[in-house]
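Please look over the sequence and the model shown here before reading the notes.

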Amino acid sequence: MRQISFCEATLEAMSEEMERDERVFVMGEDIARQGGIFGQFKGLPQKFGVERVLDTPISETAIVGAAVGAALAGMRPVADMHFADFIGVCMDEVFNQMAKVRFMFGGQCTVPMVLRAPDGIIRSAAAQHSQSVEAWFMHMPGVKVVVPSNPADAKGLLKSAIRSDDPVLFFEHKVLFPMKGPVPEGEHIVPIGKANLARKGKDVTIVSYSLMMHRALEAAEKLAAEGIQAECIDLRTISPLDKETIFESVRKTKRLVIVHEAVKQGGVGAEISALVAEEMIDWLDAPIRRIGAPFVPIPFSPALEKLVKISSDDIAKAAKEICR
Amino acid sequence: MVRIRLFEEKVGELFLGGELPGFVHLYIGEEAIATGLCSNLKKDDYLTSTHRGHGHCIAKGAEIKPMMAEIFGKITGYCKGKGGSMHIADFSVGMLGANGVVGGGINLAVGAALASKLKKSGQVAVTFFGDGGANRGTVHEGMNMAAIWKLPVIFVCEFNQYASTTPSSYGTSVPNVSSRAQGYGMPSAIVDGNDVFAVHEASKKALEYVRSGEGPYMLEFKTYRIKGHFVGDPEMYRSKQEVLDHFESDDPLKNFAKTVLTKKWLSQKELDAIFAEVTSEVATAVSDARTDPYPADSELFNDFYVEGGVR
């Protein structure tokens, strides 16, 4: 299969969906003239015109608010947040408007929109341009949260997100944009809410998503060399969470490690740990291990930044400890 | 206008009587604005509202029976009892919802206007906010965005002189909020919001401008919030006399009656008949809402995710 980058895969998804449905349009800062700060919108204005690929002022509350309003009026907007960190600027529009209006208005409307949010640590971008904030939205009824780890999933999940009648947050790790991988041409749909069994194993389950999925798979390689067969689950979506795929694996391996780049405290790993503890603790042969960033803002200096990053060695070490 | 007044008076009475859950914000004293403005709108034009939204709903064409039922929290309400007073919406008449967050509806209207422009449908969007809401950053962002894209939206400030309990003279940097419109290159008008005919005329002009594709317009209607911020507000921030003076001398409903009687457009008898008819309409809405059922337990997860939600 041909290899294209994560960035190109999202572009392909956008382009195919905009062709397929004229109600789909995209808006955000620096997307038409600049093509997106990661090149993820390059060529769209030439293809679809600047009416459907809208450069906005630096006005996050208006971007998300207007996307909600346009969705209520029959459109299917995709809005780009520049950096996931900036969702804080328009949090009311996200959690009081986008997430709630359908329910609050008794189902009179749908809110078919996507918020694209590049997240994660990259090149010392420091405290306000490096965060992974997906867990906030796992705690928020009314939205779906998608966290792709590779180009094929990025394409398939973005297409699903755009076609969804529910509002979707689409977190794309900045480090993933140039990463290449096999991506099917044309129609390729990955359903929201279904995890992917990325590697089979029998000794320990490693659950992850987004960039950390790659660290998890690297760790699984290292563990294999030492005779430990790790099963790796790529969540793809954290809300709705595919509990069953996690539970099925844990019933087999009886050991669980959860990995994310986001802060460990109150993170996605906390929710999954609690679910497993609540519903299947008797199956476990060892304590659950969560791997996430320490509880501190992301520092600038490379010397300090490396201390909050997760390595495949961290993951392999935790897995080995519970496999003893 | 009469329907809004009598509906709101009844809602206030029911709330004080302990019959209504939640809390309610009444539109009494501001009826001329929604009425005068919405009388110019088409059914499919869009409107976004505020926490004080009953009047906007009624003026846009919503029916009072499902409105009252919603305020009671009944399944027969516009939102099946899931929204309540602060979240009434009627999408069938373009009413995209009241909004519990001050300034929260502004950009929804900007987005609806953007949709209208993209669809080339000719619909306009109107968003209401108070002098309190005018100080939200959402207004700044929305006005600028609407102006650069020349969106068909009217920003309507109902200058009722109080932001919750804080007087506008303290909390707003300028006496006329619409002087800020100049900063966005947007035309504006200041109008007596207690004169329904003046509101109608000014809105008509604004709508003509907006429909022509020239871009957004701002209307500032001077009015006075006769009732407290919410029903039950002890109103320690103003004197009873101040309220009484406004109500006696500049009540939009009294102003309306005076005009139509003087100009002999209506007789006192016809006016009384309107009040009698609406009184009975409101009474029916209340008696129906009282006996209507609450939503069943099974309703909790309905109208939530369209597909494959989280349980």
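Predicted model: local features only at pLDDT ≥ 70, side-chain atom pairs only at ≥ 80, totals over all residues.

Residues are numbered from 1 along each chain as its sequence is written, and chains are lettered from A and ligands numbered from 1 in the order in which they are written.

**Overall build of chain B**
- Chain B has 11 helices and 7 strands, where helices (H or I, at least four residues) and strands (E, at least two) are DSSP runs numbered from the N terminus.
- With a radius of gyration of 19 Å, close to the 19 Å that the globule rule gives for 311 residues, chain B is as compact as a globular protein of that length; the radius is taken over C-alpha atoms, and the rule is 2.2 Å times the number of residues to the power 0.38.
- Of the 311 residues in chain B, 53% are buried, a term that requires 20 or more other C-beta atoms within 10 Å of the residue's own, with C-beta atoms placed from the backbone.

**The sheet**
- An open sheet of 5 strands in chain B runs in the order β1-β2-β3-β7-β6 with parallel pairing, two strands being paired if DSSP finds at least two bridges between them.
- The edge strands, β1 (46–48) and β6 (188–192) of chain B, each pair on one side only.
- Strands β3 (residues 153–159) and β7 (residues 217–222) of chain B run parallel and are joined by 6 bridges, and B:Glu158 stands opposite B:Phe221 in β7(B).

**Helix α4**
- Helix α4 (residues 64–72) of chain B is mostly covered, with 8 of its 9 residues buried, among them B:Ile64, B:Met67 and B:Phe72.
- The buried residues of α4(B) pack against α1 (2–16), α3 (54–60) and α11 (268–291) of chain B, contact meaning that C-beta atoms, placed from the backbone, lie within 7 Å.
- Just after α4(B), B:Gly73 takes a positive phi of about 80 degrees.

**Contact with chain A**
- The contact takes 40 residues from chain B and 38 residues from chain A.
- On the side of chain B that touches chain A, α5 (106–119) and α6 (137–148) of chain B each supply at least two residues, and α5(B) gives the most, with 11 residues.

Methods:
Contact = placed C-beta atoms within 7 Å. Buried ≥ 20, exposed ≤ 12 C-beta atoms within 10 Å, placed from the backbone.
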